[in-house]
Amino acid sequence: MSPKLWRKAGPGEPDVELFTSRADFDAALAQFAAPGRVAVVMTMGALHDGHASLIRAARARVGAKGLVTVTVFVNPLQFGAGEDLERYPRTLDADLEVAAAAGADIVFAPPVGEVYASGEPSVRMAAGPMGEGYEGASRPGHFDGVLTVVAKLLHLTRPDFAFFGEKDAQQLAVIRRMALDLDFPVEIVGAPTVREADGLALSSRNRYLSAPERSTALTLSRALFAGRDAGRQAAPEHSGPENPGSPGGLPLVASPEAVRTAARAALDEAAALEPPLALDYLALVDPSGFTEVADDHTGEAVLAVAAKVGTTRLIDNVRLWFGAA
């Protein structure tokens with residue numbers, strides 16, 4: 001077993017071992033994996049604090065004696081024509097530092113030829129109806145590519161737990177559905193969105209934004225929070241900030257119509273900014289099937305938005321809870 005690189009972390013922090021070969025990585029799993037204590041965090045690199053929070057959550061779940069693998073792979077199958085595959089940031093040295101500091105044991109960063117040894121696969125996963133709307137409509141075939149690589153990496157990393165960020169809400173939904181429908185022996189765990197101090201959701205693509213573009217991009221989170229707050233105001237009998245009886249204490253709101261109207265108003269104003277916000281979609285969906293909720297919806301919902309600022313496409317969402325717990 002010959003890892004390409006051994007990276008020392010800071011004082012008192014764990015080391016992280018880098019593998020680029022499937023064979024070497026497989027040998028490491030056979031040596032170090034403990035049944036019931038294996039977690040994976042799948043990334044495309046350019047790691048930031050959001051990824052670090054996933055790694056920390058994975059470490060907390062499997063404990064000090066568990067194994068946490070971070071995969072770094074820029075998957076060509078999920079990039080469509082004209083998207084940013086070539087300019088997507090590759091920052092492996094920095095990624096190793098982030099992974100080590102957050103508590104990962106292994107970084108598995110295979111080249112494309114190791115993941116798709118026979119070239120682009122002829123047989124792929126299909127997201128079905130859940131992957132056709134919203135992000136899927138804007139990026140045809142995107143979720144088929146995501147599910148194909150996630151399925152492949154689940155086979156290669158053999159985890160008990162796989163952690164994904166809630167910021168990519170539709171991605172999380174289709175991955176959970178795949179694992180459920182196809183009986184993958186893994187628990188798919190969603191972790192809360194990490195935001196910068198001004199509210200902008202952390203994303204590897206934020207680095208593309210100029211200062212004026214970043215100012216406009218803040219409208220995404222402001223619109224989501226406006227929708228959430230409008231729903232609360234429509235339910236004065238539930239004036240507290242959260243509903244302790246809902247999963248994770250999700251914010252309790254009462255009116256889908258009020259939520260949509262307030263969020264839409266904030267986004268409409270952003271269209272007049274310089275540079276303007278070019279809205280792709282605003283959606284209030286049931287995460288179980290990623291379909292638009294009705295006005296009498298009760299239970300969990302996701303208020304999701306996607307837009308372009310300049311040439312950079314950004315997504316964001318907040319989770320809500322409608323009705324009594």
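This is a chat about a predicted model, going through a few of its residues and the places where they sit.

Me: Let's begin with the UniProt record. Which residue does the "active site" annotation cover?

Reply: The annotation, from an unreviewed UniProt entry, covers His51.

Me: Where is His51 in the fold?

Reply: His51 is part of helix H2, which takes in residues 49-62.

Me: Buried or exposed?

Reply: His51 counts as buried, because its relative accessibility is 12% and the cut-off for buried is under 20%.

Me: What does His51 touch, leaving out residues up to four places away in sequence?

Reply: His51 touches Thr43, Gly45, Ala46 and Ser204.

Me: Which residues of H2 are buried?

Reply: They are Gly50, His51, Ala52, Ser53, Leu54, Ile55, Ala58, Arg59 and Val62.

Me: What comes just after H2?

Reply: Gly63, which takes a positive phi of about 80°.

Me: Is Asp105 buried or partly exposed?

Reply: Partly exposed, because its relative accessibility is 21% and buried would need under 20%.

Me: What else is Asp105 in contact with?

Reply: Leaving aside neighbours within four places in sequence, its contacts are Asp15, Val16, Glu17, Arg59, Gly66, Leu67 and Val68. For Val68, the backbone nitrogen lies 2.8 Å from a polar atom of the Asp105 side chain.

Me: Back to the record. Which residues does the "binding site" annotation cover?

Reply: In the unreviewed UniProt entry, that annotation covers Gln78 and Gln171. They are spread over 94 residues of sequence but cluster in space, with a largest C-alpha distance of 11.4 Å.

Me: Where is Gln78, then?

Reply: Gln78 is in the loop between S4 and H3. It is buried, with a relative accessible area of 9%. Apart from neighbours within four places in sequence, Gln78 is in contact with Met44, Glu83, Arg139, His142, Gly145, Val146 and Val149.

Me: And where is Gln171?

Reply: Gln171 is in helix H7, residues 169-181. This residue is buried, with a relative accessible area of 18%. With neighbours within four places set aside, Gln171 is in contact with Phe143, Val146 and Phe164.

Me: What about Gln170, where does that lie?

Reply: Gln170 lies in helix H7, and it is buried, with a relative accessible area of 4%. Its side chain reaches the backbone nitrogen of Glu135 at 3.0 Å. Among the residues Gln170 touches, not counting those up to four places away, are Met130, Tyr134, Phe143 and Phe290.

Me: New topic: how many aromatic pairs does the structure hold?

Reply: Six. Ring pairs also link Phe19, Phe25 and Phe108 into a cluster.

Me: Which ring does the charged end of Arg61 sit over?

Reply: The ring of Phe161, with the charged end of Arg61 5.0 Å from its centre. In another case, the charged end of Arg87 sits over the ring of Tyr208, 4.0 Å from the ring's centre.

Me: Last one: where is Ala266 found?

Reply: Ala266 is found in helix H9, residues 256-270. It counts as buried, at 18% relative accessibility. Leaving aside neighbours within four places in sequence, Ala266 is in contact with Thr219 and Ala223.

Technical notes: Residues numbered from 1 in each chain as written. Predicted model: local features only at pLDDT ≥ 70, side-chain atom pairs only at ≥ 80, totals over all residues. Heavy atoms only, no water. Phe/Tyr/Trp six-rings, centres within 6.5 Å; stacked < 30°, edge-to-face > 60°. Lys NZ or Arg CZ within 6 Å of the ring centre and 35° of its normal. UniProt positions renumbered as here; feature names shortened; annotations may be inferred. Helix = DSSP H or I, 4+ residues; strand = E, 2+ residues; numbered from the N terminus. Buried < 20%, exposed > 50% of the residue type's maximum accessible area, 1.4 Å probe, protein only. Contact = heavy atoms within 4.5 Å. Polar contact = N/O pair within 3.5 Å; in protein donor to acceptor, adjacent residues only side chain to side chain.
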